[in-house]
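Try each task before you read its solution.

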Amino acid sequence: MDLLATALPALGDALSLIFQPEQLMFLVLGVLLGLSVGVFPGLGGIAGLSLVLPFMFGMDPVSGLALMVGLIAVVPTSDTFASVLLGIPGSTASQATVLDGFPLAKKGEAARALSAAFASSLFGGLLGALVLTFFILVARPLILAFGLPEMLMITLLGLSMVAILAGRIPLKGVVAAGLGLMVGTIGEAGAGGSLRMATYDIPYLIDGFSLVIVGLGIFAIPEIVALLRQDRAISKSGGLGKGWMDGVRDWAANIWLSVRCSVVGVLVGVIPGLGGSVVDWIAYGFTVQSSKDKTKFGSGDIRGVIGPESSNNAKEGGGLVPTLIFGIPGSGSMAVFLGGLALLGYDAGPHMVRYELDVTYTIVWSLALANVFGAGLCILLSGPIARLTTIRFTLIAPFLFMVIAFAAFQSRQSLGDLVTLMGVGVIGILLRRFDWSRPAFLIGFVLSHQAENFANMANQIAGARFRQGFLNGLEYIASPIVLIILVLTVVSVVIGIRQSKHILGNSATPAGSKRAPMTFLLCITAYLAVALVDALSIDLVSDKIFPVTVGLVSLAGCLALLVRMMLVPETDHLFVDHENGDDEGGAPHGLWSTLAWFGFLLVMSSLIGFILALSIFFVTFLKIRAGVSWFRSLALSACGIGFICFLAGLIGRDFPPGLLQEFVNLPWPLT
C-alpha cells in the first residue's frame, strides 16, 4: 500500500506533464527522427540520439526527455523495414527478424510481415512500459540479486540459442559460434591487456571489431549480393501481396507468444549490457522451442517475426530499469541517453527514483505513447516504403552499398572499418553459401567480450570464497537464480539438438561436391588453430584461458566434422552448397564478380576519398551493371550523393578520406 501511495500521485503528475501540447509535439518530433534513422541499416538509436544531444542545452527538461524517448522508442519498430524488405538488420535488435521476415517479403507477403511486426512491436512496447511502471519500485532487490555468476549464466543461456539456430547439423552451429567467439577475442584482453591476434603495428586490431560492422558484413552484404545477382525485384510477385489485416490476425492468433516474448524482452533488457544485442535471438529461440510445428522457421514463418518484434520493443522498457535506478546503461543507446539526462540537469540513479518519481514516470509513459505514435506512422508509411520490394534491385543496390559503407565508417572513422566490412562480408557470403549458421556466429561474437569478463571475475571471486570454505564458495556459484538459469540452458540445448532436423532446414537444399565445403571447413580449422597457438603464447592465464578453452572446443568440433565429411557421401546435408542450386547457381551474374563492385567502391574510397569514389561508382554501376541511360545514371547519382551529404551534415559526420586527401586540401564533403 505504501508503494501505491507513493506511485499513484507521481504517475498522475507524469501523465499531466506528458499530455501538454508542447510535450506531445516534441514526442512526435522524436518519433519522426527515430523513424528516419531506423529505416537506414546500421545507424540505430545511438546515431539518432547523438543527433539530438547538441539540442539538449537550454531545452525544457520534460520536452528534452520527450524528444529523446520518442526517438529511442521507435527505432526498434522502424528498423523492421530494412529487416523485412531488404534482408538487412536495421539494427542489432532486429537481426532475428530477418530469418523469417525477409523470406515472407520474397514470397510477396511483405504487408503481412510488416503489419504483424508493427502490431507485435506496439504490444511489446506497451507491455514493457506497463511492467516497468510497477517494476521500477521493486526492481532494486532483483537487480542486486544478479551477481557475476548469474550474469555469466545468462550469457551462457544466450549462447545456448546456438542449438536452436544451428540448422540440420548442430555441430556446424557450435563451430560457427566458436568462430564468432574467437573473432570476438581479437584485440586487447579486458583483464590484463594482452594482445590476441593483434599487433601494435596494426592499431585498428587492438580494439577488436565493431558489432555494427560484423552485423552488416554477416547479414547485409551476403543478402545484397545474392539479390543483385538475380537482377530482379525483391518480391517475386511484383507486389506487396495481401496481408495488412492478415498480419494483425496472425498477431492476435499468437497473442500469448507475444506476451511471453514481451516478458522475455523486459527481463533481458533489465540486465545491463545484455539486452539490445541478444534479446531478439533469445526470443526467437524461445519462439521455436515453444512451437509444435518447427518446419517453416527460417523460410517464412510469421511466428518468427512476432516473437522477436514483441521482445525488442519491450526490452527498451527493461533497459530503462538499470539506467534510471542505478545510472548503469542497459545498452549503447541508453549510455547516450544518460548523457542527455545529464545535459537536462537530471542525475539518473536511486536519487532520481526516490525524489523525482514523477519525472521517472514521465520517461516511462512517454515510451508507451511513443510506441503508439511510432506503430501508427509505420503503418501509414508502409505502403510507400514497402514498394521498394517491387523496384528492380539493381537500382537499389548502389544506394544500399553507399549507406552500409557510410554506417560502417562511423564505427571508428577509419579506413580499417571499410576493410573489415569487406573481410567480414566475404565470411558472411561463405557461411551463407555452405549453410553455416550466421546467427550462431553473430551470437558468439556478441557475447564473447562479456562471457570472458564475467567468467574471469566470477572465477577470481569464487576462488577466494572457496579458500574461505567449501560451502561458502558453493553458495556463491550455486545460487537459486544460477540453478534456475542452468536448468533453462540445459533444456534449451537438449530441445534444440533433438529438434535440429526440423529447424531452419530446407529439404531441397542443394548438395555439391566435397571439395568446396571441405576447403571452407579447413580454412576455419586453420584460423582456429592459429588463434589457439597465439592464445597459448600469452603469459597471463586470465588473458588466455577463455580463447584457449573456446579454441579447443571449436577445433574438436572441426575435427569431428572433417571425419564425418570423409565418411558420408556427397549427397549428405553436410555438403550443402547453394552455388549448385537453381536459384543461385543459375543466377545471371556471378558471385565474386558481383561482390567486386562493392570492392571497387571501397578501393576507390581509399584512393580518392568516399564522395569522389561514390560519384564514379554510381555512374559506372548504373550505366554498366544496371544498363540505364546516361541521364538517368547522372540523376540517380546526384540524388544519392546529395542525400548522403545531407545526412552526414545533419549528424556532423565525416566521410572516409583517401590517399588523395593527404596531398590535396579539399573542402568538405570531399575531405
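Let's call a residue buried under 20% relative accessible area, exposed over 50%, and partly exposed in between (1.4 Å probe, protein chains only). This is a predicted model, so local features need pLDDT of at least 70, side-chain atom pairs count only at pLDDT 80 or more, and totals for chains, interfaces and linings use all residues. Residues are numbered from 1 along each chain as its sequence is written, and side-chain values use heavy atoms, with hydrogens and water left out.

**Exercise 1.** Work out what share of the chain is buried.

*Solution.* Start with the length: the chain has 671 residues, and 58% of them are buried. Next, the secondary structure: there are 30 helices and two strands. These are DSSP runs numbered from the N terminus (helices H or I, at least four residues; strands E, at least two).

**Exercise 2.** Find the members of the largest nonpolar core that touch the most other members.

*Solution.* First, the rule: a nonpolar core is a set of buried Ala, Val, Leu, Ile, Met, Phe, Trp, Tyr and Cys residues joined through side-chain atoms within 4.5 Å. The largest one has 115 residues, and L65, F337, L341, L614 and I644 touch the most other members. Helix α19 (residues 393-409) is the top contributor to this core, giving 14 residues. Now zoom in on I644: leaving out residues up to four places away in sequence, its contacts (heavy atoms within 4.5 Å) are M402, F406, I611, L614 and F655. A separate core of 52 residues includes A198, I218, F445 and L574.

**Exercise 3.** Decide whether R564 is buried, exposed or partly exposed, then list what it touches.

*Solution.* Locate R564 in helix α25 (residues 541-567). Its relative accessibility is 35%, so R564 counts as partly exposed. Skipping residues up to four places away in sequence, R564 touches I169, D572 and L574. Take L574 as a check: it sits ten residues from R564 in sequence, with 8.5 Å from C-alpha to C-alpha.

**Exercise 4.** Compare D577 and L471: is each one buried or exposed?

*Solution.* D577 is in the loop between α25 and α26 (582-585). D577 counts as buried because its relative accessibility is 3%. Its side chain makes a polar contact of 2.8 Å with that of R433; such a contact is a pair of N or O atoms within 3.5 Å, and within protein one must be able to donate a hydrogen and the other to accept it, while residues adjacent in sequence count only if both atoms are side-chain atoms. L471, in helix α22, has a relative accessible area of 65%, so L471 is exposed.
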